[in-house]
Amino acid sequence: MVHSDNATLDAVFAALSDPTRRTVLETLGERCLSVTELAEPHGMSLTGFMKHLRVLEDAGLISRTKEGRIVRCELSPRPMQEAAVWLSRYEKFWTGRLDALARFLYHQEETEWQKLPPPPPSDPRSPSAGTTPSPPKKSGARGPTRKR
């Protein structure tokens, strides 16, 4: 048996899964627009665009009203708020987990540097820890030459 809240959430997340529909919601967040005005920037047929609007309307994310021959769309934020409440439970869970991970890594880093071996002792005769290369050796006597 499917719980009605789950069906609503499923419809909301399915509607949000498409970039065209997310763009429509962002646009309607600014103001109420006609279907033609909403469809114009998407470069698709009006029939194809209407399918996107139907998915958004079935999820309860938009409402359509008809004024004469013009159909206007308006954002309905309630289902989005319900989805945000549902997500917030998991946000608390993951925030707690990530905080615990951060504490663990910080503790590891703090104790790890203490376990590092000490640097090798430097030569007491030299103030620097590095070595100075010795000068190149002079070449020996000239080798045999070829006869011509």
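This is a predicted model: local features need pLDDT of at least 70, side-chain atom pairs count only at pLDDT 80 or more; totals for chains, interfaces and linings use all residues.

Next I checked burial. Of the 148 residues in the protein chain, 18% are buried.

Then the layout. I counted five helices and three strands. Going along the sequence, I wrote down the pattern α-α-β-α-α-β-β-α. I also looked at contacts between residues at least 6 apart in sequence, and 51% of them join residues at least 24 apart.

On to a helix pair. I picked helix 2 (residues 19–30) and helix 4 (residues 46–58), which pack with their axes 10 Å apart and at an angle of about 70°. Angles of 65 to 115 degrees count as roughly perpendicular, so helix 2 is roughly perpendicular to helix 4. Which residues meet there? From helix 2 I noted Thr20, Arg21, Val24 and Leu25; on the helix 4 side they meet Phe49, His52, Leu53, Val55 and Leu56.

Last, the surface. I found a nonpolar patch of about 740 Å², made by Tyr90, Phe93, Trp94, Leu98, Leu101, Phe104 and Leu105. I took a closer look at one of these, Leu98, which sits in helix 5 (residues 78–115). Is Leu98 buried or exposed? Its relative accessible area is 51%, and the cut-off for exposed is over 50%, so I put Leu98 down as exposed.

Terms used:
Residues are numbered from 1 along each chain as its sequence is written. Side-chain values use heavy atoms; hydrogens and water are left out. Patches are made of residues with over 30% relative accessible area and no salt bridge: like charges are joined within 9 Å, nonpolar side chains (Val, Leu, Ile, Met, Phe, Trp, Tyr) within 5 Å. Accessible areas come from the Shrake-Rupley method with a 1.4 Å probe; for residues, only the protein chains shown count as cover. A salt bridge is a side-chain nitrogen of Lys or Arg within 4 Å of a carboxyl oxygen of Asp or Glu. Helices (H or I, at least four residues) and strands (E, at least two) are DSSP runs, numbered from the N terminus. Buried means under 20% relative accessible area, exposed over 50%, partly exposed in between (1.4 Å probe, protein chains only). Axes are lines fitted to C-alpha atoms, for helices over the stretch in contact, and angles run from 0 to 180 degrees between N-to-C directions. Angles under 35 degrees count as roughly parallel, over 145 as roughly antiparallel, 65 to 115 as roughly perpendicular and the rest as oblique. Contact means heavy atoms within 4.5 Å.
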